[in-house]
Amino acid sequence: MATSAQPGQLGLAGSAGAEALATSGTASTEGPERPGPLQDETLGVASVPSQWRGVQGIRGETVTCLHTLSYPPAQGQGLHVTGVSWNSTGSVVACSYGRLDDGDWSTLRSFVCAWNLDRRGLSPQQPSAVVEVPSAAMCLAFHPTRPSHVAGGLYSGEVLVWDISRPEDPLLWRTGLTDDTHTDPVYQVVWLPEPRHSHRFQVLSVAADGKVLLWQGVGAGRLQLSTGFALAVQQLPRNTKLKKPSRGETEVGATAVAFSNFDPSLFVLGTEGGFPLKCSLTAEDAAVTRMPSSVPLRAPAQFTFGPHGGPVYSVSCSPFHRNLFLSAGTDGHVHLYSMLQAQPLTSLQLSHKYLFAVRWSPVRPLVFAAASGEGDVQLFDLQKSSQKPAVSVRQTEDESPVYCLEFNCQQTQLLAAGDAKGTVKVWQLSSEFTEQGARETEHLDQLASEVAS
């Protein structure tokens, strides 16, 4: 059973000012140094300077814990933080509560919670918004431009979209349980701009049933399937040696997805089989599948990469190089791949247990973060070392797993990570993790041009 986090617990203690803001919210009086009140105190819909925005680090510390956030009713149920996401203003962090261990969690009541870090008097154990969810929530993602819209994927296979600025009636759209709905847990959701209307977005979902589905919000609160893909074993490109599937096995379970920052149709999938796949939204071949669908399902895979020693749990495409991506999995390794060759350019063993998440920094081309099953958040700087982390911080005292992490693209000194104890920690990174070094992109180009040995 998970235990409640201590209110305002700060891990590595920060400066007195940061500690006061994080724990007791003493910024209550306005003065020449303080921002005015938010237009929306609950969700930070107005993008205004936060009390900490621009603070790049604390002297003598590389990484400092600003907030330890939790929702005691979720912790009381033993729920894990399965996903974290920052909203488009960078001032609100949300998490999905569910379970990632074995079991049938399809009817487990769970939650999506959000905290506005710009809110005066932030209470770490009282989220700004709480949404009750009918099945274990496995993942979530804030809308790219609407600060209060968030999509989530459930253990039951459903995908839902909420407006968390409407506490009485937050549900906007849901897939419902139809022939189109995923039949296995949804492991990741991503917002994608519509091809001909870049200001309008659809929700893409990936699940263990081997389907990759694109949903569009329509009237009457429904998410309607617009495009679908299915991974079939017999249609995987055979450019690398894979274990032969057991007889009768046809679907390949998808566990994670990352889209190229340079080609909007190109994406990488992580799979239960351990091999990443390069895929395309423009693929036209029909998928070989018996799964029912209201739209024709297509086969997206174009290239198969050399496998991990177990399922891949996370993939991340470089924001600074079109051919580089990272993957992490149950073998405790992070692989750095080039889109142009099957074998990884390098493989790093970060943990003796599982790795659950890996993310490139949005501002430092050679920096990435990983979340480990041993309770650590590790930050790598490949400019300094390709073998060991620049810093490793302990997220959980009892070595419970860290399941998810996300950099804040607006307030780039912040990194959020969620764990099996039901807590979200907001870590503040010093300037060495946020300021690009000289010739850093050149070093990245050199990495990408290496040939896998």
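Two strands count as paired if DSSP finds at least two bridges between them. Strands are DSSP runs (E, at least two residues), numbered from the N terminus. By that rule, E16 (residues 277–280) and E18 are antiparallel and joined by 3 bridges. This is a predicted model: local features need pLDDT of at least 70, side-chain atom pairs count only at pLDDT 80 or more, and totals for chains, interfaces and linings use all residues. Residues are numbered from 1 along each chain as its sequence is written, and side-chain values use heavy atoms, with hydrogens and water left out.

**The open sheet**
- An open sheet of 4 strands runs in the order E14-E15-E16-E18, with antiparallel pairing.
- Strand E14 (254–259) and strand E18 (301–304) are at the edges with a single partner strand each, so one side of each has no neighbour in the sheet.
- From one strand to the next, the twist averages 30° (axes are lines fitted to C-alpha atoms; angles run from 0 to 180 degrees between N-to-C directions).
- Cysteine 279 lies opposite alanine 301 in E18.

**Histidine 333**
- Strand E21 (residues 333–338) contains histidine 333.
- The histidine 333 side chain reaches the backbone oxygen of aspartate 331 at 3.0 Å.
- Contact means heavy atoms within 4.5 Å.
- Not counting residues up to four places away in sequence, histidine 333 touches residues including His308, Ser347 and Leu355.

**Alanine 141**
- Alanine 141 sits in strand E6 (residues 137–142).
- Alanine 141 is buried, at 12% relative accessible area (buried means under 20%, with a 1.4 Å probe and protein chains only).
- Its C-alpha atom is separated by 8.3 Å from that of glycine 83, 58 residues apart along the chain.
- Beyond four places in sequence, alanine 141 touches Ser85, His149, Val150, Ala151, Val189 and Trp191.

Technical notes. A polar contact is a pair of N or O atoms within 3.5 Å; within protein, one must be able to donate a hydrogen and the other to accept it, and residues adjacent in sequence count only if both atoms are side-chain atoms. Buried means under 20% relative accessible area, exposed over 50%, partly exposed in between (1.4 Å probe, protein chains only).
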